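User: I have not seen this structure before. Please take me through some of its residues and helices.

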Amino acid sequence: MPRTIAIGGRPVGEGHPAYVIAEIGLNHNGDVKIAKQLIDAAALAGCDAVKFQKRTPELCVPPEQRDILRETPWGVMTYMEYRYRVEFGEDQFAEIDRYCKDKGIAWFASCWDEPSVDFIERFDPPCYKMASASLTDDALFKHTVATGKPIILSTGMSTMEEIEHAVSLCNPEKLIILHATSTYPCKPEELNLRVIPVLKAKFDCPIGYSGHEVGLQTTLAAVTLGACVVERHITLDRAMWGSDQAASVEPSGFSRLVRDIRVIEAAMGDGIKRVYDSELPIRKKLRRVGNA
């Protein structure tokens, strides 16, 4: 059986409630007030954690894209200016750190470059997320693994060979793998949820699901297939500006998602067939016994 891994003291793995992550990402649009509203919504829904993204723009934005003009809610600006506009700095993350502690919800980030790992490490996160886009970045992997924190690895747009290589760079005792398809939003026929039990059979670590689809049904199906971590993007309004908003879940939807995950977990049981005490009166009243 895949091992159990602790994230901030919370056990994650088979036999434990699914660890639910509300990915805020960049859906805050560079506004701490919006970030706090999303944290509130995630905490109210019963999520275990919220996740942010952290980049160093001069390292992550290719030179040929830096001067491309882009229409934004703050006017027309270069792509590089936009990237700086939506990035939180130390003061903003310190405020987020205090706010999450006050709300009793964990937070961490996916870091897209080594300096960003060093930056987030100041806040002592319970784990790190390796984004699908970073799965083949060996230098970033090694730098992140060196923190000693658990790694949550998302596997969108990756071959099994690429996943195996990334896994070889990790500490198997501190690794969680998420099945994902990196299309925003993703069509149901491309979710390929049957990969979840394939990953469970192949790797000796907890397996989860990072969904970018519209709706909740398929995420719930992932739980029935054994996903012990669930990650979905959260937004205040799917019509808000931003590339991830349309593939995100609004607060009321997130509350339903967590509620239904917990119902499904209770309903799955342990697989041992038994007669429940609640059945005994019905059994006594209705059970027919015939002799051949």
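User: In which strand is Glu-231 found?

Analyst: This is a predicted model, in which local features need pLDDT of at least 70, side-chain atom pairs count only at pLDDT 80 or more, and totals for chains, interfaces and linings use all residues. Residues are numbered from 1 along each chain as its sequence is written, and side-chain values use heavy atoms, with hydrogens and water left out. Helices (H or I, at least four residues) and strands (E, at least two) are DSSP runs, numbered from the N terminus. On that numbering, Glu-231 is found in residues 229-233, which is strand 12.

User: Is Glu-231 buried or exposed?

Analyst: Buried means under 20% relative accessible area, exposed over 50%, and partly exposed in between (1.4 Å probe, protein chains only). Glu-231 has 1% relative accessibility, so it counts as buried.

User: Which residues are in contact with Glu-231, leaving aside its neighbours within four places in sequence?

Analyst: Contact means heavy atoms within 4.5 Å. With those neighbours left aside, the contacts of Glu-231 are Ile-21, Glu-23, Lys-51, Lys-129, Leu-178, Tyr-209, Ser-210 and Gly-211.

User: What is the relative accessible area of Leu-178?

Analyst: Leu-178 has its place in strand 10 (residues 175-180). Leu-178 is buried, and its relative accessible area is 0%.

User: Which residues have the most contacts inside the largest nonpolar core?

Analyst: A nonpolar core is a set of buried Ala, Val, Leu, Ile, Met, Phe, Trp, Tyr and Cys residues joined through side-chain atoms within 4.5 Å. The largest one has 65 residues, and those with the most contacts inside it are Val-50, Phe-52 and Phe-254.

User: How do helix 9 and helix 10 lie, roughly parallel or roughly antiparallel?

Analyst: Axes are lines fitted to C-alpha atoms, for helices over the stretch in contact, and angles run from 0 to 180 degrees between N-to-C directions. Helix 9 (residues 217-224) and helix 10 (residues 251-268) pack at about 30°, with axes 10 Å apart. Angles under 35 degrees count as roughly parallel, over 145 as roughly antiparallel, 65 to 115 as roughly perpendicular and the rest as oblique. Helix 9 and helix 10 are therefore roughly parallel.

User: Which handedness does the crossing of helix 5 and helix 6 have?

Analyst: Helix 5 (residues 114-121) and helix 6 (residues 138-145) pack at an angle of about 20°, their axes 9 Å apart. A crossing is left-handed if the near helix is turned anticlockwise from the far one by less than a right angle, and right-handed if clockwise. The crossing of helix 5 and helix 6 is right-handed.

User: What separates the C-alpha atoms of Arg-83 and Glu-58?

Analyst: Arg-83 is found in helix 3 (residues 79-86), and at 7% relative accessibility it counts as buried. Arg-83 and Glu-58 are 25 residues apart along the chain. Their C-alpha atoms are separated by 9.3 Å.
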